[in-house]
Structure formats: C-alpha cells, structure tokens
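This briefing concerns the structure shown below. It is arranged by topic for reading beside the coordinates.

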Amino acid sequence: MATTDFIAAIELSSSKLSGIAGHRNSDGSMQILAYATEPSASFVRKGTVYNIGKAAQGLTSIVNKLEEQLKCTIAKVYVGIGGQSMRTVVNKIGRMSDTEVISQELIDSMNDENLTYPIVNMDILEVVPQEYEIDNHLYADPVGVTGTSVTGKFLNIVASPSLKKNLEMSFSQAKTEIADLLTAPLCLAHAVLTETELRSGCALVDLGADTTTVMVYKNNLLRYLCVLPLGGSNITRDITSLQLEEDEAERLKLHYGDALYQEETEDGEASTTVMTEDGRPIRLSELNDVVGARAEEILANVWNQIKLSGYEDKLLAGIVLTGGASNLRHIDEALLRLSKQRKIRTARFVQDTVRGYQTEMPQDGTRNTLLALLLAGKEDCRQPEEPKIPHIEPGKPVDMFRDDEDLKAQEEENRRKKEEEDRRRKEEEKRRKEEEKKKKKEKDGKPNWFQRLAGNVTEELFGDNDEKMS
C-alpha cells in the first residue's frame, strides 16, 4: 500500500550518506516510515562533496531505497548543509531614522544591506539578527521603538561557495529536487537543546567523524559557530600507527577506547591486553595513550573556540555534547577537567518523540542531525499521483459515464418512452391493416357497375321467358 503525506530528508556526512522519511502524527510525534544509508567516504570529505558523479549515484541509490520502502515516488527532499568551511561573521550596520519611530521599512533595508556585505571567498548561507542598539539601548525587536539612530548587529553564517554549489550540482545530476537547503547545525541545535539551555546559554559540540561543530547559544539566539577539521576518524587513523588496518582500528576504538584511561597494574606492569583479529596482543594502555592524546587535542580546540566566542563565562546551562564521537568513554569528563564547567551533558537523541525503526535509530547521537532535518521539514514530499486514463481497446467502445446515476435514470426513462411509442405504433399499424382488410372484404361482396349492367341485361332478356316457362 502506498504511503501518503510524508517528509523526506537526506544528510551527507563524512562517514555516511543517510536518507529518511517520516509522517508527523496528530500528537506531534514523528513516525519513521523509511530509512537507508550508503557509504560516503568516496565522495564526501570534511562535510564537503568533492566527487559530484559518485555523490549523484549515492543520492539516486538512497532515493530508490526510500521509495521501495514507501511504495511511492518521492518528489523532493530536505537537505542539510554543513562542512569545514562554515563559520560565523559579525556585521554591524547603522542608520539614522527619518521619523521618531523605528519603522519596519528601515529594518528591512538594513537587512538587505547586510546581505551585500563583502566576504572574500565566502557566501552567506543564513543570517541570524542579533540585538539592535537604539540610542544606546539594546532591543531584540526594534520596530515601533522611538529613537533617532539605530545600529543593527547581524551574525552571518558563511561558507565556501563550493560547499553549496557542489551539493546542488550533485542533486541536479541525481535528478532529485531539493525542497529546502537547511543549515544542518541550526536544525540540530533546535532538535537536541532544551528551551532552558537555549535561553540560559550553552555550547553545543557536535563531535562528528571528520569535523567537530561548535555552537554557542544565549537568549535563544545563535552567538557563535565554527567547524573544526577534527573528529573521530582522526582518532581511528592515529590508532592505525599501531600497525593496524583502519577497520580494525575503528573496532578497537569503539570497544576499548577511553579518553581518560587508567589501568590497574600488578607489580608496576600493565596487565590488560586485547587481541586483534590476527591474534596479535595490544596493550590497552598503549591503545589509549593514542586515543587520549588525540581526544585531548580535539577538546582543547573546542574549548578555545568557546573562549573566542566571548561567552565562556555566560553559559549557565553548560556544554552539551552530541554526535558519534561523543560515545567515546569519559570524553565528557575529559572536557570537564579542561573547561572547569559545572554542567556537561551528552544529547543521545532529539527532544521530540520519534516512533519506529528502533533498531536502525539507536539513541547514541549518530542519527541526531538526520532526525533534526526530518523534524525541520514542513511540506509533503510525496509525488502526487497522475489521474488514470481508462484503457480503450480498439473496436470496443467504453461507456465513460457508466457510474453516473442521473444519466442511468434518464436513459431508463428514454428507453421506457421508446418502448411505449413502439407499442402504440404497432397497435396503430395493426388496426389500420384490419380496417383495410375489412373494407376490402365489403368491397369484394358488392357487384361492380359492370356486373350490375350485365345483370340488368339478363333480366330484360330472359326475365319473361322464365315466367312463361314457369
């Protein structure tokens, strides 16, 4: 049975290409209807598509898998954009008001001017207006406020032109329409952070495979964003220095990796080892020396970015970790020691209720961005069905109005009238023939003029003889 009314979303991350489709229930929850993944290492690096042809093939495969599960055609999808080059740039624009009250037209003109702000080798993806200063007072909503001068502060989310261009070209080559190009980090923040965290102030750290995204929120507004070219895959590649294949290094990291490993020893010697697939023993202390060193570097860069935002002492809600690399043991404690923050939590799943596909949607932070894109979608992504034209076989007319009850009643009335008319015509024809037959019979019983003349002559000639003979 074909599915109706659903939202579809696709995420292109450095580790995998993921697609999802879901239906929003009446209670506000999201029912997952389809889910599919494809490896993306051959065409995505640091969150940016570098091989458009392979990306298009992967997108086509994902869409086909989703359509097979949905039993219907996908018309468009929501897409998340993110990557190494993404960051925020602050711009200020000042104006003098012609009237005593700040008008909407004045604010709109300031917003338009901000979009023309020149940034070398960067495109503005999205704008987050900050406060407006009117006569030395700050306002979140300046329209209607009295004042003579206004200065607007705009936070522009910018990225390399190739980030958006390559993404759009990949979907164009895959012949898949984009419903909306969403800024993935913003969608993720609104999906995993609570209202209190957004208002009180917090730093959201998305620890991905190739990149780590740092976002700072205060008073429900994004204040800072930066993408670091470091992630969980850097730890995996470091482990390969122990003469291991990358797949084996990833397995050891997931099962035994620890950002704050402390091994119990006997007689001063390390006693815990693990075996590789080829039977070679590796000490856990040696393994986690590599893991801990790289984890410390990543976290040090994260904390440095939080300090650069200028909000490190204003984060009343602390720091929130999410993403696949946030599953590394004790990584939250390592960040706590480094930052001295009192509150650090790990967002394993989105805030909204999501139903279905529990096995494919584990609550480990690895699907949070994909689910955030799905939850941000609003429009129905289903391809409307074309009206079916009835098949007409040659030489066999088809009644196009066979289901019209009024027409059927009219046809029945016409048929009844025709039968009544045919019956009257037949009766009239029968009566006419009977009258003609009767007239003919009467006519045949009377002598005609010749017979009457002959009878008179006979009577004159032989009438007296008959009397005489009698």
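The structure holds one aromatic pair; rings of Phe, Tyr and Trp (its six-membered ring) pair if their centres lie within 6.5 Å, with planes under 30 degrees apart counted as stacked, over 60 as edge-to-face and the rest as tilted. The model is a predicted one, in which local features need pLDDT of at least 70 and side-chain atom pairs count only at pLDDT 80 or more, while totals for chains, interfaces and linings use all residues. Residues are numbered from 1 along each chain as its sequence is written, and side-chain values use heavy atoms, with hydrogens and water left out.

**Aromatic pair**

- The ring centres of Tyr132 and Phe154 are 6.1 Å apart and the ring planes stand at 90°, so the pair is edge-to-face.
- Because Tyr132 lies in strand E8 (residues 123–134) and Phe154 in strand E10 (residues 149–159), the pair ties together parts that are 22 residues apart in sequence. Helices (H or I, at least four residues) and strands (E, at least two) are DSSP runs, numbered from the N terminus.
- Tyr132 is buried, with a relative accessible area of 4%, and Phe154 is buried as well, at 0%. Buried means under 20% relative accessible area, exposed over 50%, and partly exposed in between (1.4 Å probe, protein chains only).

**Charges over rings**

- Arg45 lies over the face of Tyr50, at 4.1 Å from the ring centre. The criterion is that NZ of Lys or CZ of Arg is within 6 Å of the ring centre and within 35 degrees of the ring normal.
- The charged end of Lys314 sits over the ring of Tyr311, 5.6 Å from its centre.

**Helix H3**

- Helix H3 (residues 161–173) has 13 residues and spans 18 Å from its first C-alpha to its last, close to the expected 18 Å; the expected span is 1.5 Å times one less than the number of residues.
- Leu163, Asn166, Leu167, Ser170 and Phe171 are the buried residues of H3. Viewed down the axis of H3, they fall within an arc of 130°, so they line one face of the helix; the arc is that of the directions from the helix axis to the C-beta atoms.
- Lys165 and Ser172 are exposed, on the face of H3 turned away from its buried side.
- The buried residues of H3 pack against strand E1 (7–12), strand E5 (48–49), helix H1 (52–70), strand E6 (76–81), E10 and strand E11 (177–183). Contact means heavy atoms within 4.5 Å.
- Lys175, which follows H3, has a positive phi, near 55°.

**Helix H4 and cysteines**

- Helix H4 (residues 184–192) is largely enclosed by the rest of the structure, because eight of its nine residues are buried.
- The buried residues of H4 include Pro185, Leu186, Cys187 and Leu188.
- Cys187 counts as buried at 14% relative accessibility, and Cys381 counts as buried at 0%.
- A search of the whole structure finds zero disulfides, a disulfide being a pair of cysteine sulfur atoms within 2.5 Å.

**Gln305**

- Gln305 is found in helix H8 (residues 284–309) and is buried, with a relative accessible area of 10%.
- Leaving aside residues up to four places away in sequence, Gln305 touches Val214, Tyr224, Cys226 and Leu228.
- Gln305 and Tyr224 are 81 residues apart in sequence and 8.9 Å apart in space, C-alpha to C-alpha.

**Overall make-up**

- The protein has twelve helices and 21 strands.
- Buried residues make up 42% of its 470 residues.
- Of the contacts in the protein with a separation of 6 or more, 68% are between residues 24 or more positions apart.
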